[in-house]
Every structure is written in structure tokens, then in C-alpha cells.
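Subject: Structure for you to look at

Hello,

Here is the structure I said I would pass on.

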Amino acid sequence: MAKADPKQYVGLAARSKEGPRLVTGQGRYTDDFTEPGMLQAVFLRSPHAHARILGVDAQAALSRSDVFAVVTPEDIKRDTKPFRPGRYAAGLKKPIAEYAGAVDKVRYVGEPVGAVAARDRSTAEDVLESIAVDYEILPANTDVHKAIAGEDASVIYDELGANLAWQGTLEYGDTEKAFREADRVVRENLKIHRYSSTPLEPLACIASYDRFSRKLTVRTNTQVPENIYDALRDALQIDDIRVIIPDIGGGFGQKIHLIRKYVVIVALLAVKSGRPVKWIEDRNEHMMAAGHACEQHFDVEAAVKNDGTVTGLRFKEIDDVGGSISTLTIHFTNKLNNLSNTYKVQNIRADGYSVVTNRCPVIPNRGIGKPGMCYIWERIIDRVAQDLDMDPSEVRFKNLVQPEQMPYTTPNGNIYDSGDYPGLLKRALEKVDYPALKEEQARERGKGRYLGIGVVIGVEPGGRNAARDMAIFPEMKETPGSGGINGATIKLEKNGTIALYLGSPNCGQAHETTTAQVAAGILGVSPDVISTTTPFDSDVAPWGVAAANSGNNFHLYDIGSIIGAATQLREKVLKVAGHILDAEPSDLEIADGVVTVPGFPRRRLTFAELGKAAYNNQSLLPEGIDAGLQTTFYYTFPHAQPNMVPGQDRRVRAQFTFGAGAHVAIVEVDPRTGKVDVLRYLIVGDNGTIINPGVVDGQIYGSAAHGIAVALGEGFVYDDEGQLLTITLTDYGKCSTAETPNVEVEHAPSPSAFTPLGQKAAGEGAAIPSPAAIASAVENALEPFGVKVRHLPLTPERVWQLIQEAQA
Amino acid sequence: MKQTVRVTVNGRLYEEEVEPRQLLSYFLRETIGLTGTHIGCIIGECGACTVQVNGTLVKSCLMFAVQANGKEITTIEGLAEGDALHPVQEAFINNYGFQCGYCTPGMIMAADSLLKKNPNPSEEEIREGLAGNLCMCTGYVQIVAAVKEAAGQVDNG
């Protein structure tokens with residue numbers, strides 16, 4: 001009996017397939033490519049946060065012989081169509097035309113107003129100076145509370161009549177009853193600021209257009225081919241589009257959404273000039289206009305029993321979505337993914353308010369609304385503990401979903417596949433020796449040294465359901481899709497090697513290494529003979545709605561499709577080999593790329609021999625079989641029902657797998673300066689079955705480091721006029737090796753009951769609970785001062801102020 | 001008015017006519033086609049374009065090409081000898097000391113330079129030595145581990 005073992009190489013720290021090219025400078029990023037006759041583009045951007053465009057004079061630029069094309073607001077309006085509102089704007093009930101570039105008005109500093117394509121970048125930059133834009137400056141709106149109070153300084157979208165652009169409610173269970181019957185209600189006001197993962201490679205694009213065949217080709221570093229594909233079709237009304245995605249220098253969500261504006265305008269320059277056009281964003285542009293994670297304000301209240309049981313949660317969320325309606329509700333709807341976190345509470349109500357402001361539009365960023373949702377839960381649980389004079393971990397233990405409840409359906413319809421949340425928390429407390437730590441803390445306080453311990457827990461949802469956002473608007477006419485579909489192609493080549501073709505791009509998550517490990521076990525070859533073809537190419541890749549380096553999709557859809565394609569290829573290999581070896585396919589075995597008939601050592605075929613037969617020698621093929629040894633499989637999550645598409649009850653499987661992690665942050669705060677040092681950071685994590693521990697650990701370290709840095713000070717700062725004050729990485733506060741703490745990881749996997757290997761996600765995870773862990777630890781350190789941590793970030797200045805305020 | 005630059009990069013002499021305003025990073029990438037040196041900020045903050053000039057660590061966006069006249073430059077493409085990876089490169093692979101790979105060339109050049117000066121650095125010295133190179137992906141844990149592994153293996157001669 002021939003057995004495939006998809007787990008043969010699972011769990012091994014297999015040698016990185018990407019490594020050799022990336023450590024030698026042979027990675028191929030968008031900026032590394034050139035095309036014949038290629039021009040360079042630069043963008044003209046708004047210097048104002050809010051202004052009406054009265055006129056643009058580009059005559060001087062157009063008259064130069066070294067300028068090949070110019071795009072002005074007039075061109076945008078004439079030559080392009082607005083984008084169709086997608087899933088990120090699910091709450092948009094009134095149609096508002098949003099074009100790739102500003103027309104009529106600018107709504108944030110850095111908004112693209114026009115673009116120039118010239119022979120080289122220096123020329124293009126020089127020419128930009130000659131384009132005159134006549135602006136009527138309007139008052140800037142930077143305070144969401146003014147919008148809520150109906151005190152807009154000016155109206156950003158005339159169509160809306162006010163800057164409060166959306167308001168909606170999601171309610172599950174009976175919160176009124178829960179609060180009526182509560183022993184006490186614990187309230188808090190919380191805030192998370194604007195930040196970004198600032199990928200080191202900025203946005204980049206090369207567009208070329210064959211006007212005679214009407215085919216548009218773009219090479220770009222997007223994380224989601226669909227967004228670019230749809231944007232180009234919508235805006236330019238071109239159907240034949242090829243999206244090529246080479247190596248990407250980091251994504252984190254930053255390269256999903258606003259990048260489409262630039263790709264459309266660069267493509268328009270290519271159409272106008274008849275030349276390939278390259279555009280490479282610079283760092284300041286990225287900081288101003290590539291997108292920020294949303295500033296989120298929360299008023300939270302928990303219905304609590306005196307034994308610490310939380311019976312209800314209500315929160316009001318105000319999102320500063322910036323100067324665009326295209327991501328209006330994304331941070332709110334993403335809270336459906338982890339709405340009840342790890343807790344049993346049955347009654348949850350969320351009131352969402354999305355306010356447009358004259359700041360950079362918000363975009364998906366590592367976890368999107370999920371870090372905010374976890375922050376709500378973990379901060380309010382700490383407050384409940386303080387209110388009841390209980391240990392915060394005790395309150396958590398009291399409310400955690402128990403392992404025997406798995407699979408567990410949450411009030412909003414998520415189904416948690418597996419998990420031992422009490423086990424994770426218990427192990428984390430053991431690892432740091434919590435009682436001894438508390439003693440040390442008390443002892444050190446006596447000496448004037450302020451140590452803080454933060455212990456939090458969070459789920460890590462994985463695998464996006466494309467219908468999630470309809471939960472806030474079930475009557476939405478055009479659904480953005482549902483569930484998830486993505487494919488993979490596997491080919492046994494004539495020399496016996498295996499080529500994989502994935503349906504989605506990779507931006508640093510080692511897809512090539514991991515997929516080879518999985519395919520190798522099924523096919524009976526060493527991972528060494530498997531290679532994955534990059535770049536992604538929409539003309540040949542089997543891609544669907546889940547073809548996204550986003551939503552923690554890889555572990556579900558890409559791994560699922562690799563398993564499907566490899567299994568089908570194995571069946572075909574056995575069929576062809578059985579015919580040639582005159583044996584029943586089910587009697588054959590495969591090992592190290594050789595098919596054998598057990599007991600007959602001379603009846604064997606190597607993969608190379610099979611490959612030659614399948615492609616070259618029709619007489620060797622069984623009748624009725626397609627020639628070739630190539631299979632394509634599209635994976636759809638087999639457990640996506642129930643709740644794939646939300647009904648009027650608004651219950652939806654927002655994501656499909658659920659990992660989790662318990663985090664312990666141990667910090668020291670210097671009350672004289674407000675400086676916070678992270679002395680130790682530990683994660684006990686459940687990422688399901690781990691395919692490659694080196695890869696998964698890297699994802700956890702990186703996401704934790706970002707969440708910690710976000711909590712401790714990195715972030716965007718605007719002045720009241722809407723001018724961004726943090727346009728460099730230094731001003732923004734990016735952490736180097738010197739400021740980033742070492743993160744410790746211990747794995748305690750509960751394999752998923754729903755996935756073929758038991759695998760779960762790993763990319764976003766640690767970024768979700770880590771801001772809450774730091775907030776908790778800093779507050780705990782400053783307990784003797786009576787400090788309450790509500791708002792992030794905790795820069796030294798802010799921490800110092802908190803101490804002063806608490807003492808005043 | 002273009003100027004002539006004679007510069008040795010990875011052991012090969014290049015003689016090129018360049019604009020005086022051309023940065024060394026663009027000279028390496030665009031004039032002589034070595035795209036392993038990456039650009040992440042162009043103002044010396046991120047370290048992606050780090051190379052070695054006469055053995056000294058330099059962020060190539062902070063130097064004009066004309067300033068490199070007569071100098072010897074090593075870029076990421078010049079580190080491996082023949083088909084054998086440099087020990088620092090090997091250690092980065094062994095420890096998954098990269099994710100997207102964009103900071104990696106600069107990081108490896110900085111690590112190599114650090115280990116040449118200090119073959120057995122402590123964790124603190126490694127962190128200090130690499131503090132000029134930002135990585136947005138890894139949280140630095142596996143990078144530090146890679147440098148620790150490479151320490152002692154690097155030929156200091």
C-alpha cells in the first residue's frame with residue numbers, strides 16, 4: 001500500500017529555501033527590475049491637510065521634451081473611473097466616488113494630486129516643482145470627538161454632510177439583561193494611537209501597456225493581487241491585466257490597500273507615454289500617505305459578578321479613519337475576528353463610529369482591529385481584578401473558555417477549533433514563577449525600584465472569510481466574496497525535480513520553505529528537489545479571493561491547496577508508474593523520488609524516468625489519462641459552514657482557525673524619567689501543528705517586537721493643522737536592536753481539528769496581545785503611584801506625565 | 001557636468017562617468033548593476049544600503065559616488081567566495097536571521113564588520129553593533145542568534 005505522509009517533514013527546521021538568495025543580495029524586488037525604454041515617475045502631493053483644488057497648471061512640465069507624461073486631477077477625472085467600494089468600506093451606504101488621485105479636493109497631507117513620468121527620477125523631481133496648484137485652504141479636522149459632538153471645523157465629504165461617516169451596532173446575546181443583573185459594572189476609557197509596521201521596502205511599481213493588444217502588465221509589491229487587479233479594471237476599464245509580484249520587502253498590511261492608487265496612476269502614465277514606467281515611493285511619502293493603523297477610542301464597560309465572572313461587555317468605538325471612505329469600517333469589522341477573545345461571555349454589544357479626518361487614510365496593519373479588541377478585553381479584565389481585589393490572572397482563569405468546550409462557538413458565530421487557554425496561562429505563570437516574581441516586586445519596591453508584571457492572553461484568528469464585513473451591512477448589494485478560495489500547482493518535471501506554483505505572494509514568511517516541506521512528504525521526495533517559482537504571476541498562478549498575504553491566510557488556503565495538488569499528483573504518478581511497471585497503483589511505494597514494487601527490486605522507476613515518459617512518450621501512458629504530470633488544486637475551507645455568510649442575526653465565521661498565546665511582560669519603570677525597560681517578555685503560544693519551528697518562531701518574535709514597540713512609543717504624531725510631524729523613521733520612533741527586548745517563546749500547540757495537518761496561523765499573533773501586555777505591566781509597576789494606563793503609546797514623556805497627574 | 005569615478009567594487013575596477021549628485025547607493029544599484037544593496041530611507045536611518053568602504057562600514061546613501069573615487073568597496077555580492085557562502089551568510093540561513101530579506105544585505109555587512117573588529121562580542125555588543133540597521137520583520141532575535149553563531153567562525157585575518 002502506497003502511503004503519503006504529509007507530516008514526514010512537518011515540525012523540522014528545514015533549511016530555508018529563500019535564504020541563499022536573500023543573504024547574497026540575489027533577492028529580486030520590484031526596484032531591481034528595469035524594462036526597455038523605462039521612464040521614472042514621481043508624485044505631486046498635497047502640502048495641505050484639507051483644501052479645495054481650484055486649478056492645476058502643468059503647462060511648463062508638459063512642454064519639456066524630457067517629460068513623457070503628466071497626470072493632473074483633470075486627467076484623473078477624464079481618463080479614469082472611481083474605485084468600487086470593497087469590503088473595507090462595507091459600512092458605506094451612500095455612493096461616494098473615490099478616484100486614484102485627488103480631484104476637486106485634497107483631504108490629507110501627502111494625498112497624490114498628480115504625477116510626472118520623465119527619463120530619470122531626478123528630472124521628474126525637478127519638473128514637479130514647475131506644476132502650479134491653486135489651493136483654497138480649508139480648516140482641518142483632526143479631532144474625532146469634535147465630529148461626534150457635531151462640531152466639524154469643515155465638512156470633508158460634501159456627500160456625507162458631516163464627518164461622522166458611519167455609525168452602526170453589532171449585538172450578540174442580551175447585554176441589557178447582563179448589565180441589569182450584574183453585581184457591578186466596571187468602566188474604562190481606552191485609546192490606541194496611529195502606527196504602522198513601516199516595511200523597509202517602500203511601495204513600488206512598474207507598469208507597461210501594450211496599446212495594440214490592450215494588455216496592461218504591472219510588476220508591483222502588493223500583498224494582495226486581487227486589489228490591484230480589481231483597481232486597474234475599475235479605474236482604467238482594461239480587462240486584460242497581468243499582475244506580477246516579485247520578492248516583497250515586508251508587508252504587514254501596508255501593501256494591501258492604498259498601493260492601488262499609485263499602481264493605477266503609474267499605469268495611466270504608462271498608457272499616456274507608451275513607455276514602461278517605474279515608481280518607487282520614498283520614505284517620507286510612505287510615512288505620510290501609504291496608510292496608518294487606525295487611532296481607536298473605546299468606552300468600555302463590563303457586567304461583572306462578584307466572583308469575577310464577566311457576563312457582558314459593551315463598548316463604543318470611535319475610529320479616526322483619515323481622509324478616505326475606502327477603509328471606513330475595517331478596524332471595526334475586524335473586531336468580529338476576536339470579539340470574545342478567549343472568554344466565555346455570551347453578551348457583547350459594540351457601537352461603532354467611523355469619523356473621516358484630515359489625516360492619512362487607515363489601512364490593514366498586522367491584526368487590523370484585533371490588537372484593539374484584545375486591548376479592550378485585557379485592560380477591562382485588569383480593571384475588574386482591581387475592582388474586586390483579585391489577582392488579574394484569577395479573573396482570567398474564571399472566564400476562559402475551557403478545553404473541553406472545543407470546538408466552541410462564540411456569540412458572534414466564530415467557531416474556535418481547538419485550544420487550552422487555561423493551560424497556556426498556567427504554563428506562562430509557571431515559567432516566570434509568578435509567586436516569586438510578586439515577592440521580588442514587593443521587595444524591590446521597598447528599595448525604590450518599580451517592577452511591573454503584565455499577564456495577558458489573546459486568540460490569534462487565521463484564514464479570512466471574505467464575507468465577514470457584511471455582518472455590519474447584511475443587505476449589502478455587492479458582496480465582496482465569501483469564504484476563501486486559493487490554489488496551487490505542482491509539476492513533476494522531466495528531470496525528476498518538482499516545481500511548485502503558489503496562488504499567493506510571499507513577503508517574508510518563508511512560503512517556499514514551508515510548502516516544500518509539506519509537499520515532500522506527500523510526494524515521497526526530499527524537500528531539496530522541490531522549488532517554488534517566484535514571482536507570483538496572475539497569468540499563470542491559480543489564485544482566488546484568498547490569494548492574499550493577509551488575513552493570516554497562508555496556513556489555511558496555501559497549505560490546503562498544496563496538500564490537494566500534491567495528493568492529486570501522487571495519484572497520477574502512481575497511475576502512470578503502475579501502467580509502466582505492470583502493477584496495481586495501490587501496491588506501489590514511493591521513497592526518495594523512486595517508485596518501487598515492493599518485493600521486486602528491479603521493478604522501479606525514478607521520477608526522472610517518469611517525467612520523461614509523461615511528457616515524451618505517449619506509448620507508455622495508460623489509456624484515458626491526461627498526459628503530463630502537473631496538477632492544480634483550489635482549496636476551499638471544508639469547515640466554513642455554518643455562518644459563512646452573515647444573515648440578519650449578523651453571526652459570521654469571521655476567521656476560520658484560532659491559535660492563542662499567553663504573554664508575560666516584566667518591565668521596570670524609572671519614575672524620574674518615565675522610561676520603561678522590558679526586562680523579560682515570554683510567550684506561551686498555541687500555533688497548532690508547527691510546520692517549521694524556525695519560521696514560526698520568527699513570525700512570533702517579529703510580531704511581538706512590533707506590538708511592544710507600538711505600546712512603548714512608536715507612532716504617528718500630527719499637529720492640529722493636520723501636518724504629520726513624524727515623517728522619518730527616527731521621528732516615528734522605530735526600534736533598533738538596542739531598544740527591542742529579547743522575546744522568549746514556548747510552544748504548547750493544540751492542533752486544529754479543522755485543518756489537514758492541525759495547523760493554525762502565526763503571522764499576526766503576537767502583535768495582538770502585546771500592546772495590552774505592556775500596558776498591564778507598566779500600570780502594575782506604577783501601582784504605588786496610583787497610575788492607570790488607558791491610552792497608548794507609553795512614551796517616557798507620557799509615563800512621566802501619568803505619574804505627575806496621579807500624584808497631583 | 002559629469003565626473004569620472006574610478007572605484008574597485010568586490011575586487012573589480014569600475015571607471016564610470018557620473019553626475020556629482022549621484023549617491024553611492026544609486027551608483028552601486030543603477031550604474032554598475034549590483035542591486036543587492038537596498039534603499040529603505042535614503043537618509044541614513046535604516047541601514048539597508050550598508051556597504052564597506054576601505055573596510056569601514058558606510059551607509060551608501062550618505063556618500064556621493066564621487067567621494068568613493070579611488071576607494072575599495074565590498075557589497076553583499078562580494079562576500080561569498082566562489083560557491084561557498086561567507087560564514088555570516090551561512091549563520092543567517094541557519095538561524096532564520098531574515099524574513100523578507102530587504103534589510104539582510106546591510107545587516108550582514110554590519111555583522112561582518114562587527115565581527116572583524118570584535119570576534120567574540122557579547123549579546124549587548126552585538127545589539128549595539130547592529131543598532132544602525134533596522135529590521136521590520138524579525139524582532140532581531142534570530143539575527144542576534146546568527147551573529148552569535150558566526151562569532152568565532154569568522155576568519156579575522
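Chain B is split by the domain assignment into domain 1 (3-78) and domain 2 (87-150); such bounds come from an automatic or database domain assignment. The C-alpha centres of these two domains of chain B are 21 Å apart. Between them, 13 residues of domain 1 of chain B are in contact with 11 residues of domain 2 of chain B, where contact means that the C-beta atoms of two residues, placed from the backbone, lie within 7 Å. On the domain 1 side, strand S3 (residues 50-53) of chain B gives the largest share, 3 residues. Helices (H or I, at least four residues) and strands (E, at least two) are DSSP runs, numbered from the N terminus. That side of domain 1 of chain B has 6 nonpolar, 7 polar and no charged residues. Nonpolar covers Ala, Val, Leu, Ile, Met, Phe, Trp, Tyr, Cys and Pro, charged covers Asp, Glu, Lys and Arg, and polar covers the others, Gly among them.

A note on reading the model: it is predicted, local features need pLDDT of at least 70, side-chain atom pairs count only at pLDDT 80 or more, and totals for chains, interfaces and linings use all residues. Residues are numbered from 1 along each chain as its sequence is written, while chains are lettered from A and ligands numbered from 1 in the order in which they are written.

Chain B has a mean pLDDT of 96, and 97% of its residues reach 70 or more; pLDDT is the predictor's confidence in each residue, from 0 to 100. The model scores are ipTM 0.97 and pTM 0.97.

Now the two chains together. In chain B, 40 residues are in contact with 44 residues of chain A. Helices H2 (87-94), H3 (104-117), H4 (123-129) and H5 (141-150) of chain B each supply at least two residues of the side that touches chain A. That side of chain B divides into 25 nonpolar, 11 polar and 4 charged residues.

Lastly, one helix of chain A. Which residues of helix H13 (residues 421-431) of chain A are buried? They are A:Tyr421, A:Leu424, A:Leu425, A:Ala428 and A:Leu429, buried meaning that 20 or more other C-beta atoms, placed from the backbone, lie within 10 Å of the residue's own. Just after H13(A), A:Asp433 has a positive phi of about 50°.

Regards

Conventions:
A residue is buried if 20 or more other C-beta atoms lie within 10 Å of its own, exposed if 12 or fewer, and partly exposed in between; C-beta atoms are placed from the backbone.
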